[in-house]
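Here is a short report on one chain fold.

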Amino acid sequence: MTVKQKLMGAVAAAAMIAGAAPAMADITVGYFLEWPMPFEYAKVMGTYDEALGTKVNWVSFDTGTAMSAAMASGDVQISVSQGVPPFVVATSAGQDLQIIDVAVSYSDNDNCVVASGLEIDKTSAKELAGKKVSVPLGTAAHYGFLKQMNHFGVDLASLEIVDMAPPDGAAAFAQGAVDMFCGWGGALRRAKEHGNVLLTGAEKEDLGILVFDVTSAPAAFVAENGDLVAKFLKVTADANAMWADESKRAEMLPVIAKDAGMDDKAAEETLAGFIFPTVDDQLGAKWLGGGAQEFMKGVADVFVSAGSIPEAKPSYEGNVNLGPLKAAQGM
């Protein structure tokens with residue numbers, strides 16, 4: 001089965017089961033392990049339960065594509081830190097999801113790593129032709145991989161691309177089963193022990209490879225539970241503001257690290273590469289005031305050109321809902 005067939009099959013399956021999330025007393029929220037964020041402090045402290053007046057169940061995922069499938073089935077109502085590319089893949093296939101905030105921006109925490117033994121860097125990247133690469137398809141890492149290969153002039157057809165979640169890809173990379181790894185978080189840190197990145201975060205941004213995650217939810221759920229969603233975003237924003245106060249970090253870091261399944265040092269190093277935009281910033285032109293919508297269209301067009309998805313939407317403006325975030329701003 002080809003890469004295109006795998007991705008399109010997954011997208012089609014998610015789209016077929018997409019629908020309104022059922023009304024329920026509890027809600028379930030998806031997130032990533034080894035991806036430390038301030039919201040986890042509020043999660044552990046029970047702040048979400050208290051603010052929302054309901055039980056919040058949390059479930060971890062390996063990829064944003066899995067988050068999309070869980071929201072399509074109704075098993076998950078909100079996903080925190082879903083990558084923009086998997087969001088674009090799902091919505092391009094017809095899944096009615098909406099971005100409700102910008103969760104985090106991180107250019108250096110999502111990248112591709114080449115095995116040290118190959119001695120390939122950005123000056124010799126064309127030598128990647130014929131190599132085997134682990135890539136979690138339909139994710140931010142996949143988008144970054146496609147953009148980098150295009151930049152370096154590496155023909156995708158010359159590569160053996162294997163769809164692997166980052167933890168599995170990092171393990172395969174360490175064992176020498178693949179020549180290049182693409183992924184994020186703890187898996188990326190482990191991969192760097194056995195290789196080198198082709199481009200730094202700043203170099204990727206210069207090429208227009210932005211890397212940020214969003215909080216997403218099914219449109220029907222947001223429409224039916226706008227007040228609850230606004231309260232959820234308010235708790236998240238408050239946790240981000242608390243983390244921005246350096247005097248609070250000693251208190252927050254151990255809690256966040258433990259919840260993320262990491263030691264304090266690894267969590268601190270990861271967080272150092274994260275930017276958490278304020279609500280005011282998110283509502284500005286760079287992000288949800290137009291920039292994110294434009295970026296999503298660009299991501300979709302790249303995926304179409306690469307044959308990863310059949311077609312892009314004319315516009316992704318309808319997949320951003322500023323209502324709950326604006327309500328949270330006023331709380």
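## Helices α7 and α8

Helices α7 and α8 are roughly parallel to each other, a label for angles under 35 degrees. Helix α7 (residues 166-174) and helix α8 (residues 185-192) pack at about 10°, with axes 8 Å apart. Axes are lines fitted to C-alpha atoms, for helices over the stretch in contact, and angles run from 0 to 180 degrees between N-to-C directions. Helices (H or I, at least four residues) and strands (E, at least two) are DSSP runs, numbered from the N terminus.

Pro 166, Pro 167, Ala 170 and Phe 173 of α7 meet Ala 187, Arg 190 and Ala 191 of α8. Contact means heavy atoms within 4.5 Å. Six of these contact residues are nonpolar, none polar and one charged. Ala, Val, Leu, Ile, Met, Phe, Trp, Tyr, Cys and Pro count as nonpolar; Asp, Glu, Lys and Arg as charged; the others, Gly among them, as polar.

The model is predicted: local features need pLDDT of at least 70, side-chain atom pairs count only at pLDDT 80 or more, and totals for chains, interfaces and linings use all residues. Residues are numbered from 1 along each chain as its sequence is written, and side-chain values use heavy atoms, with hydrogens and water left out.

## The sheet

Five strands form an open, mixed sheet in the order β7-β6-β8-β5-β9. Two strands pair if DSSP finds at least two bridges between them. β7 (160-163) and β9 (195-197) are the edge strands; each has a single partner, so one side of each lacks a neighbour in the sheet. The twist averages 25° from one strand to the next.

β5 (residues 110-115) and β9 run antiparallel, joined by three bridges. Ala 115 has Gly 195 in β9 as its bridge partner.

α7 lies across β5, β6 (132-135), β8 (180-184) and β9, at about 150° to β8. α8 also packs on the sheet, touching β5, β8 and β9, and its direction makes about 145° with that of β8.

## Helices α12 and α13

The axes of α12 (residues 249-260) and α13 (residues 264-271) come within 9 Å and cross at roughly 100°. The two helices are therefore roughly perpendicular, the class for 65 to 115 degrees.

Leu 253, Pro 254, Ile 256 and Ala 257 in α12 meet Asp 264, Ala 267, Glu 268 and Leu 271 in α13. This contact has six nonpolar, no polar and two charged residues.

Technical notes:
Parallel < 35°, antiparallel > 145°, perpendicular 65-115°, else oblique.
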